[in-house]
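Please consider the following sequence together with its three-dimensional model.

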Amino acid sequence: PNVFTWAERKVDLKESGGIATVYIPHSTNLRLLITSLETGLRAQSVQWLDRSTWDSLNTNAPSDSYTFGLYVNTDKTKEEPWHTYVVHRVRALLQREQTFQAQFSDANSYKPVNYEGLDTSPFDPIRPLFRSPASAYPVHDSGYAKAWVQLMVDFESFYRKATGETHVRLYTVGPTRATQGPSPVLLTRKDSQTLYCPISIRAI
C-alpha cells in the first residue's frame, strides 16, 4: 500500500566509498503496524525495539525455523525487557527494516535514547530499529497512526467490494475537535474572514 513517508537521506555507496543524497520512500511505519498485527504487541512496544537486541535470542536458531524469539525492550505493564515468539515472516520483515536503516550514513551517528525521552525510565536506553529519518528516536506515534487511518480507509473499500458487506465501517469523518473539551475547532479563512471547521478522519 502507498502509505510511505518520503525523506531526503544520505546513503553510503559501498562500491565507491562515497555518499549520495537521495529522496527515498520509507516503509518504516507500515512495517511497524504489520509487526504489531502479526504479534499482538502494542504498537509502542514494537516502536521501541532495539536494533542490537531484538534478534538476540536467535543466535543458535535454525534458519528454517517456523518461529523465532523476539526480545522486547519495553512494555506498558512491565518494568523489565521480556521475550515472546514471532513467525518467520515477522522476523524477515524486521530484518528488512534493519537492512534498510543500516544503509544510511547516519546509522551510527546517534547515541542510545531513553524510552519516551524519560530520564527516569526503568528501561535501558536503546538504538531504535524503527528510527525516525530525522533523529535518534523512533518514528513518532502520529506517523504510524496516520498510516493506520490510511490503511483503514482503503481496506474498508476493498472489504466491501470483496465480500458484498455494505455495513462495515472502519473509519469515521467528522469535525476536528479542540484539544480541551468536546467543542470543534473553528478557524478563520484569510480571504473572506468566514469561520470554518476542519474535518478529521479517524479509524474505528
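In which helix does Q101 lie? Q101 belongs to helix α3, which covers residues 88–102; helices (H or I, at least four residues) and strands (E, at least two) are DSSP runs, numbered from the N terminus. The model is a predicted one, in which local features need pLDDT of at least 70 and side-chain atom pairs count only at pLDDT 80 or more, while totals for chains, interfaces and linings use all residues. Residues are numbered from 1 along each chain as its sequence is written, and side-chain values use heavy atoms, with hydrogens and water left out.

Q101 counts as buried because its relative accessibility is 8%; buried means under 20% relative accessible area, exposed over 50%, and partly exposed in between (1.4 Å probe, protein chains only). Apart from neighbours within four places in sequence, Q101 is in contact (heavy atoms within 4.5 Å) with R9, T28, A107, L129, F130 and R131. E8, in strand β1 (residues 5–12), is by contrast exposed, with a relative accessible area of 62%. Once residues up to four places away in sequence are set aside, E8 touches T21, V22 and Y23. E8 and E38 are 30 residues apart along the chain, and their C-alpha atoms are separated by 30 Å.

The protein chain as a whole contains 4 helices and 8 strands, in the order β-β-α-α-β-β-α-α-β-β-β-β from the N terminus. Its C-alpha atoms fill a box of roughly 65 × 45 × 40 Å along the principal axes. Of its 204 residues, 33% count as buried. Among contacts between residues at least 6 apart in sequence, 54% join residues at least 24 apart.

Nonpolar cores come next. A nonpolar core is a set of buried Ala, Val, Leu, Ile, Met, Phe, Trp, Tyr and Cys residues joined through side-chain atoms within 4.5 Å. The largest such core has 25 residues, and those with the most contacts inside it are L32, L49, L70, L94 and F130. The elements giving two or more residues to this core are α1, α2, β3 (67–72), β4 (82–87), α3 and α4, and the largest share, 4 residues, comes from α4. A second, separate core of 6 residues includes W48, V113, Y115 and F123. Returning to F130, its contacts beyond four places in sequence include L32, L49, L94 and Q101.

How far apart are the end C-alpha atoms of helix α4? They are 32 Å apart, which agrees with the 33 Å that its 23 residues (141–163) should span at 1.5 Å a residue; the expected span is 1.5 Å times one less than the number of residues. The buried residues of α4 are Y144, A147, V149, L151, M152 and E156. Their cover includes α1 (28–39), α2 (43–47), β5 (171–175) and β8 (199–203). After α4 comes G164, whose phi is positive, near 80°.

α1 and α4 pack at an angle of about 75°, with their axes 9 Å apart; axes are lines fitted to C-alpha atoms, for helices over the stretch in contact, and angles run from 0 to 180 degrees between N-to-C directions. The two helices are therefore roughly perpendicular to each other, a term for angles of 65 to 115 degrees. On the α1 side, N29, L30, L32, L33 and L37 meet G143, Y144, A147, W148 and L151 of α4.

Notes:
Angles under 35 degrees count as roughly parallel, over 145 as roughly antiparallel, 65 to 115 as roughly perpendicular and the rest as oblique.
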